[in-house]
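Take a look at the chain and its ligand below.

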Amino acid sequence: MSNTKAPKSSKNVRGTITCDNTTIHLLQANDFVAESIRNQMSEKKVLMINITSSAGSGKTTLMQETVKRLNDEINIGILVGDLETERDADRIKEVGGKALQIVTGGICHLEAQMVWQALKSFDISGLDVLFVENVGNLVCPASFDLGEDYRVTLIATTEGDDKPQKYPKMFLTSELMLVSKADLLPYLPFSVEAVTNDARAINPNIEVIEISSVNGTGIEAWCDWLKAKIKEKKSSDSVAV
Ligand SMILES: Nc1nc2c(ncn2[C@@H]2O[C@H](COP(=O)(O)OP(=O)(O)OP(=O)(O)O)[C@@H](O)[C@H]2O)c(=O)[nH]1
Ligand SMILES: [Mg+2]
């Protein structure tokens with residue numbers, strides 16, 4: 001098991017059935033596969049980041065910006081989940097990124113098994129970071145551990161600053177909240193302070209960075225965060241189970 005991060009399967013945020021004083025965890029099969037992915041990443045010292053948000057918050061655009069800025073410096077791989085089409089993977093490849101699309105065929109989130117199967121066709125050797133862009137959905141992806149080290153959630157300024165407490169599980173299980181489309185702040189009734197307070201009321205430790213893929217706000221801070229986590233991962237001990 002990797003010693004860099006505890007799995008996100010804390011009892012209070014996962015599906016359970018309690019029967020005759022026995023609690024049954026409903027996502028044990030997913031978590032078993034997620035742990036196997038976590039071990040694989042740990043052995044190869046690849047940082048894995050699960051990128052989540054509502055549909056259209058700017059995940060793929062951020063992936064493109066990250067590839068454009070850091071592709072010469074770090075080795076990036078990106079798995080992209082969508083219900084249909086290979087458009088997002090194509091967009092990432094267009095800017096020189098290494099990407100593979102996972103088409104869920106209508107399923108509204110990624111499960112660990114989908115990532116595990118995708119990894120059979122996606123060589124992670126030599127990668128510094130593997131991003132998994134999840135299906136655009138603030139609800140279902142929150143419940144499924146994919147074996148990631150970190151979960152990063154985007155909340156766009158166009159979505160309203162009241163979302164964290166309405167969709168708490170996602171913010172509870174994320175280490176970083178990126179307030180995206182910050183270039184639109186002058187035109188919208190959106191308060192970064194309000195959304196930060198809303199998120200920290202659920203998860204006091206969540207980090208917050210404002211970003212814009214249009215005017216570049218916060219992209220350097222995001223890249224610095226990423227590089228620091230990669231460094232941490234490289235220097236961590238991988239502990240075989
Ligand atoms: N103004 C502004 N628009 C942005 C920004 N980032 C992305 N967009 C636009 O927002 C729309 C959606 O961006 P995507 O990157 O496709 O969003 P996504 O989260 O990957 O979408 P799904 O994969 O469908 O969930 C596109 O029209 C982008 O050009 C930003 O920082 N500012
Ligand atoms: Mg996308």
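Which residues does Leu 185 touch, not counting residues up to four places away in sequence? They are Thr 157 and Phe 190. This is a predicted model, so these contacts are computed from predicted coordinates. Leu 185 is found in the loop between β8 (176-180) and α7 (192-202). Along the chain, Leu 185 and Thr 157 are 28 residues apart. In space, their C-alpha atoms are 6.6 Å apart. Leu 185 has 16 other C-beta atoms within 10 Å. A buried residue needs 20 or more, and an exposed one has 12 or fewer. Leu 185 is therefore partly exposed.

Now step back to the whole chain. The protein chain has 8 helices and 9 strands. Its radius of gyration is 17 Å, close to the 18 Å that the globule rule gives for 241 residues, so the chain is as compact as a globular protein of that length. Along the principal axes, the C-alpha atoms fill a box of roughly 55 × 40 × 35 Å. Of the 241 residues, 43% count as buried. Contacts reach across the sequence as well. Take those between residues at least 6 apart in sequence: 75% of them join residues at least 24 apart.

Next comes the interior. In soluble globular proteins, nonpolar side chains tend to be buried together. Here the largest nonpolar core has 51 residues. Within this core, Val 129, Phe 131 and Val 132 touch the most other members. Strand β7 (residues 150-156) gives the most to the core, with 5 residues. Leaving out residues up to four places away in sequence, Val 129 touches Val 46, Leu 47, Ile 49, Ile 74, Ile 76, Leu 226 and Ile 230.

One is Asn 50, in strand β3. Asn 50 has 27 other C-beta atoms within 10 Å, so it counts as buried. Beyond its neighbours within four places in sequence, Asn 50 is in contact with Val 132, Asn 134, Leu 146, Glu 148 and Arg 151. Ala 99 lies 49 residues from Asn 50 along the chain, and their C-alpha atoms are separated by 14 Å. The other is Thr 66, in helix α2. With 24 other C-beta atoms within 10 Å, Thr 66 is buried. With neighbours within four places set aside, Thr 66 is in contact with Ile 76 and Cys 223. Thr 66 and Ile 219 are 153 residues apart in sequence, yet 8.1 Å apart in space, C-alpha to C-alpha.

Helix α2 leads on to the ligand. Which helix gives the largest share of the shell around ligand 1? Helix α2 (residues 59-70) does, with 3 residues. There are 17 residues around ligand 1, and Gly 58, Lys 59, Thr 60, Thr 61 and Gly 136 come nearest. By type, the shell divides into 3 nonpolar, 10 polar and 4 charged residues.

In an unreviewed entry, UniProt lists residues 48-209 as "domain: CobW/HypB/UreG nucleotide-binding". Over residues 48-209 the chain is 29% helix and 23% strand. The end C-alpha atoms of that stretch are 19 Å apart.

Finish with some local details. Lys 44 is found in helix α1. It has 13 C-beta neighbours inside 10 Å and counts as partly exposed. Setting aside residues up to four places away, Lys 44 touches Ile 124 and Ser 125. Lys 44 and Lys 234 are 190 residues apart in sequence, but 9.1 Å apart in space, C-alpha to C-alpha. Lys 45 is found in the loop between α1 (28-44) and β3 (47-52). Lys 45 is not a glycine, yet it has a positive phi of about 55°. With 16 C-beta neighbours inside 10 Å, Lys 45 is partly exposed.

Thr 85 also has a positive phi, of about 70°, although it is not a glycine. Thr 85 is found in the loop between β4 (76-82) and α3 (87-94). Is Thr 85 buried or exposed? Thr 85 is exposed, because 10 other C-beta atoms lie within 10 Å.

Definitions and conventions. Residues numbered from 1 in each chain as written. Chains lettered and ligands numbered in written order. Predicted model: local features only at pLDDT ≥ 70, side-chain atom pairs only at ≥ 80, totals over all residues. Core = buried A, V, L, I, M, F, W, Y, C linked by C-beta atoms within 7 Å. Helix = DSSP H or I, 4+ residues; strand = E, 2+ residues; numbered from the N terminus. Contact = placed C-beta atoms within 7 Å. UniProt positions renumbered as here; feature names shortened; annotations may be inferred. Near = placed C-beta within 6 Å. Nonpolar A, V, L, I, M, F, W, Y, C, P; charged D, E, K, R; others polar. Rg over C-alpha atoms; globule rule 2.2 N^0.38 Å.
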